[in-house]
Structures are given as structure tokens and as C-alpha cells.
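Take a moment with the model before reading on.

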Amino acid sequence: MALLEVSGLRVGFKTGDGFVSAVNGLSYEVESGSTLGIVGESGSGKSVNALSIMGLIPRPPGRIESGTIKLRGEDLLTKTEAEMRKIRGKDVAMIFQDPMTSLNPVLTVGDQISEAVRLHLKLGRKDALAKTIDMLRLVHIPLPEKRVREYPHQLSGGMRQRVMIAMALSCDPDVLIADEPTTALDVTIQAQIIHLMNEMQQRLGSAIVLITHDLGVVAETCKYVLVMYAGNLVEYGTAQQIFDAPKHPYTMGLLASLPRLDEKNPARLIPIDGQPPNLLRVPSGCSFAPRCRYRMPACEAPVPLYDFGDGHVARCFLYDEKTATERKLSVASAPAVPGSAASAAVAP
């Protein structure tokens, strides 16, 4: 049994302009000791997925329409808010994207970390303070005895992010969700934070869900990769499968847009044409079709997942034998279609 299992998750938000469907039938699993990277453009549903796991979707305007989120077989969506408060931080913890807005500016960093420790580990004030200092030392913050009495504005961006990591790790969670943990940090600090997360995983055997735009970080740290676009899973597989043999045109575009040092002109990037769709008016069928160079009439219909073996799946009609004739007529430069044995459609 997977440690964390998300199945058929649909999440939307009621707005003044209409209902926005942010996550559409998302399904994946994360095992103990493994790291799943979730990538995609801003607005693709990555953070909404994370907040759904944490039980932090504001209701209203948010609404989880369907699906399950199981931790060790127990559906978190059936838990009350009181039950989720016991789970948050202890069983599932999250590193938020912006530590300056996530940390309370009127409380010391020591008070904020020790609050979680006292709540979940039932420690007294003195023992909680000692544990807090140990956690700050664990994330390599210098002079932790001094820093524990300081406020967030007195720390650098890198130190604030480390405080967030210390807070998330303080109760040894089974699942750590890291939402853009290295955003706006210099390269040296980024490497240190990724190293800290890997250290924690090796020490505790925790599962990590890493949400990021940085495909370099994904390549170095993740065992599995989930690619999202407009609230949909468009491709899933191991990091090696995704980087060595991408199947979905969107994944191909993301990889092609990366700077490469081995190119004659490394400053020239290959962009993905167009813009992500307005979630109030998502195209019928494939949501990536308006930006896709391989677009064909069949893309107006709902697209199933196609299974390429060993857990590698992609949502694209390029791998449907029924559209082969249509594809030859409409897309002269389409990639080769895999053999029929690897092209069987599975349930979306």
C-alpha cells in the first residue's frame, strides 16, 4: 500500500466570473522514502493539490468536488477540522512557498517552532525550547540559541526558509510537501536546502512531494515526476522516463525550453508558444491543444491516458492508432508512434 494515495481529486473555486476548476481528476501515489516532483506552469493546479492534502482549501470559495486523499489507507477528506489539526505537522507537513508571509511576524521563530512541538509531541516549555534549538541546528542555522529569540524580519531569506523547514521537520512527518522551497534564493542556498530535505528523508524515510518550476532540481532529487497542465495530469513516470523519453508535447516543450551549456548558442531558448488557458474557459478535449504543434481534430474530444509500460503514462492522441491517418494528414512532423503493445489506452 502506498503511503499517500490521491485518487480522482477534483477541486474548484467559486468566483464572481464563474466556477473555476483548478484540479481535474488527479490521481497518483507516493511511497515511503521516495520523492515525487510535480511540475507545470503557474496556475496548473500544483499548489491547490498540496493545499487539498493539508486540508487548507478555504471553503468557501473552494470546494473539493470528488476524489479521495488517503494517508496509510485513511481518507483525509473525511476528517473533521479538529482531526486534521492533529494530522497537520505530525503526519503531513508542508513547506510553504513564501516564508515571509507564512511566518507570523509578531512571534519569534522559536515560539513558532515550539508551538508545533508542544502540540504534537506533548513536551513541556523547557523541553520544547531545547527541541527547537536542536532543529535550528539541524538545518544549519548559526548561533541557534540566539536565533530562537529573533523575529522573521531579522533573518535573511535563506534563514527564513530554513526556519520553515525546521518547523516542518520538527515532528518527524511521514509526508513532507515542499511548495517551491527554493524560490527567490541564490543557487548556493538552493543547493543547501535541497540537501537538507534529502538528509531528512534518509534519516526518517519520509515521502517528499516537491512542487517546483526547476527541472534541474527535479532531475537531481526526484524518483518520479508528475507533469500538470490546466489542472490535469498530462504525463507521469520516473525521472529517467520523463527526461530521456518524454511523450506529451507539453513535457517536450518544457524540456526544450531549458538552457543547455552544450549548445553553440546557450542563450537562445525554445519557448512554448501561446499562453495557458483561462480556467473559466478551458478548451474542450485537450487543454494544451491550442498551443500544440501536433494539434488535430481528435484533440477536441476527451483524451485518455496511454500506457507505455513501467508506470509511464501520457494523455495525448499522438499515441492512438485510430488517429494515425488523421495525424498523417494534419501533422507532417509528428513524432513516431510507439508500437501497438505500448499504446493501449487506460482509464483516465
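What follows goes from the pockets to one helix, then to the cavities and the cysteines.

This is a predicted model, in which local features need pLDDT of at least 70, side-chain atom pairs count only at pLDDT 80 or more, and totals for chains, interfaces and linings use all residues. Residues are numbered from 1 along each chain as its sequence is written, and side-chain values use heavy atoms, with hydrogens and water left out.

Some terms come first. The search runs on a 1 Å grid over the protein atoms alone. A cavity is a set of points where a 1.4 Å probe fits but cannot get out. A pocket is an open set with protein on both sides within 12 Å along at least five of seven lines. Lining residues have an atom within 4 Å of a point. Grid points are joined across faces, edges and corners, and a volume is the space filled by probe spheres set on the points. Helices (H or I, at least four residues) and strands (E, at least two) are DSSP runs, numbered from the N terminus.

Start with the largest pocket. Its volume is about 550 Å³. It is lined by 20 residues, and Arg88, Gly89, Gln112, Ala116 and Met167 are the closest to its centre. Three elements, β6 (92-95), α4 (109-121) and α7 (157-169), each supply at least two lining residues. α4 gives the largest share, five residues. The lining of the largest pocket has 12 nonpolar, five polar and three charged residues. Here Ala, Val, Leu, Ile, Met, Phe, Trp, Tyr, Cys and Pro count as nonpolar, Asp, Glu, Lys and Arg as charged, and the others, Gly among them, as polar.

Now the second largest pocket, with about 410 Å³ of space. Arg10, Asn24, Asn232, Gly285 and Arg315 are the closest to its centre, out of 19 lining residues. β2 (18-30) and β10 (232-238) each contribute at least two residues. β2 gives the most, with five. By class, this lining has nine nonpolar, eight polar and two charged residues.

Return to α7, which also lines the largest pocket.

The whole structure has three cavities of 30 Å³ or more. Thr35, Ile194, Met197, Asn198, Ile208, Leu210 and Thr221 line it. α8 (187-204) gives the most to this lining, with three residues.

The structure holds zero disulfides (pairs of cysteine sulfur atoms within 2.5 Å). Cys299 counts as buried, at 10% relative accessibility. Cys171 also counts as buried, at 7%.

How values were computed: Buried < 20%, exposed > 50% of the residue type's maximum accessible area, 1.4 Å probe, protein only.
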